[in-house]
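I opened this notebook to keep track of what I looked up.

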Amino acid sequence: KRVAVLISGRGSNMTALIEAARADGYPAEIALVVSNVPGAGGLEKAASEGIETTTVDHRGRGSRQAFEEELDRTIRAKDIDLICLAGFMRILTPWFIERWHDRILNIHPALLPSFKGLDTHARALAEGCLIHGATVHFVRSEMDAGPIIVQGAVPVMDGDDAVTLAARVLTVEHKIYPQALALVASERTSVEGMRVRTGVEGS
Ligand code: GRF
């Protein structure tokens, strides 16, 4: 399967996907990295790994739909099968999401359905959570919702602040995103409502 990774920033999850995809037998190839932010740190990193990169700037376009049409055209031109959002900071409209139904993955730095949205680590600390983590899920038009593919948990430690907790969660993100992409790309997942079944061969 050919994968486009969409980023807005440093792209550490993108890098984890690129590295995992190099392994023999990994069922997906990172064929394209797209940023909506010119000069995003991840672009240079991807290019240095020999991956094709492009920028589709969301600014200076008439509408959200015009941006998404350009994004869709750019991705389709490269024969992409799956899209991984990796720190992509634009909300996608139902138009785009329906065109790629069950073919867009996102990583969210919390154990969904808890802590949708931003500042997840500070909020988990403020709530006194003892366990926190990250979730890879299929994208639906409701933000940070959608069938869960893989989750990873970490303990919250005494003395943690949002920075130390984010770093612990990030190490888990870098493990579970490649796992989730492998499950989807090898067609070992099937989606029934909000439930993702894995271990299904073919489909
Ligand atoms: C990650 O914490 C991810 O879960 C969230 O945005 C951050 C992106 O980090 N969606 P990076 O660009 O992958 O390093």
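I started at the ligand. A nitrogen atom of the ligand lies 3.1 Å from a polar backbone atom of Ile107. I count this as a polar contact, a pair of N or O atoms within 3.5 Å. The model is predicted, so I noted the limits: local features need pLDDT of at least 70, side-chain atom pairs count only at pLDDT 80 or more, and totals for chains, interfaces and linings use all residues. Residues are numbered from 1 along each chain as its sequence is written, and side-chain values use heavy atoms, with hydrogens and water left out.

A polar side-chain atom of Ser12 is 2.5 Å from an oxygen atom of the ligand. A polar backbone atom of Asn13 is 2.9 Å from a ligand oxygen atom.

Which residues are around the ligand? I listed Arg10, Gly11, Ser12, Asn13, Gly87, Ile107, Pro109 and Glu173.

Next I turned to the helices. A helix here is a DSSP run of H or I with at least four residues, and a strand is a run of E with at least two, numbered from the N terminus. Helix α1 covers residues 12-21 and helix α6 residues 162-185. They pack at about 45 degrees, with axes 9 Å apart. Axes are lines fitted to C-alpha atoms over the stretch in contact, and angles run from 0 to 180 degrees between N-to-C directions. α1 and α6 are therefore oblique to each other. Under 35 degrees counts as roughly parallel, over 145 as roughly antiparallel, 65 to 115 as roughly perpendicular, and the rest as oblique.

I checked who makes the contact (heavy atoms within 4.5 Å). From α1 come Ser12, Asn13, Ala16, Leu17 and Ala20; from α6 come Leu170, Glu173, His174, Tyr177, Pro178 and Leu181.

Met14, Thr15 and Ile18 of α1 meet Gly42, Lys45 and Ala46 of α2.

Last, I looked at two backbone details. The peptide bond from Leu112 to Pro113 is cis, with omega near 10 degrees. Pro113 sits in the loop between β5 (104-108) and α5 (120-126). Asp79 is not a glycine, yet has a positive phi of about 55 degrees. I found Asp79 in the loop between α3 (64-76) and β4 (82-85).

Key: Near = heavy atom within 4 Å. Polar contact = N/O pair within 3.5 Å; in protein donor to acceptor, adjacent residues only side chain to side chain.
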